[in-house]
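Reader: I am new to reading protein models. Could you walk me through one, feature by feature?

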Amino acid sequence: MTTQLAGDLITIALMARVFGADAVALLRRLAAAGVRAGVSEMNRHEREGGR
């Protein structure tokens, strides 16, 4: 393992520790938005007589 790789891993670990809770909340919001977009697309497709 190079010292640059070790430094990058340490930096990532620190960032995960500091921003971990916020990142999880952001990922949950992004997942919810994706689900809403998918459901909207499915409903639109059904209204237009799709399939």
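This is a predicted model: local features need pLDDT of at least 70, side-chain atom pairs count only at pLDDT 80 or more; totals for chains, interfaces and linings use all residues.

Reader: How many helices and strands does the protein chain have?

Author: The protein chain has 1 helix and 0 strands. Its radius of gyration is 20 Å, well over the 10 Å that the globule rule gives for 51 residues, so the chain is more spread out than a compact globule. The C-alpha trace spans about 60 × 25 × 10 Å along its principal axes.

Reader: And how should I read charged side chains?

Author: Side chains of opposite charge can pair when their charged atoms come close. A search of the whole structure finds 1 salt bridge, in which the side chains of arginine 44 and glutamate 41 meet at 2.4 Å, N to O.

Reader: Where do arginine 44 and glutamate 41 lie relative to each other in helix 1?

Author: They are 3 residues apart in helix 1 (residues 3-47), so about one helical turn separates them. Arginine 44 is partly exposed, at 33% relative accessible area, and glutamate 41 is partly exposed too, at 41%.

Reader: Which residues make the nonpolar surface patch?

Author: Leu5, Leu9 and Ile12 make that patch, which covers about 270 Å². Among them, leucine 5 is found in helix 1 and counts as partly exposed, at 40% relative accessibility.

Key
Residues are numbered from 1 along each chain as its sequence is written. Side-chain values use heavy atoms; hydrogens and water are left out. A salt bridge is a side-chain nitrogen of Lys or Arg within 4 Å of a carboxyl oxygen of Asp or Glu. Helices (H or I, at least four residues) and strands (E, at least two) are DSSP runs, numbered from the N terminus. Buried means under 20% relative accessible area, exposed over 50%, partly exposed in between (1.4 Å probe, protein chains only). Patches are made of residues with over 30% relative accessible area and no salt bridge: like charges are joined within 9 Å, nonpolar side chains (Val, Leu, Ile, Met, Phe, Trp, Tyr) within 5 Å. Accessible areas come from the Shrake-Rupley method with a 1.4 Å probe; for residues, only the protein chains shown count as cover. The radius of gyration is taken over C-alpha atoms; the globule rule is 2.2 Å times the number of residues to the power 0.38.
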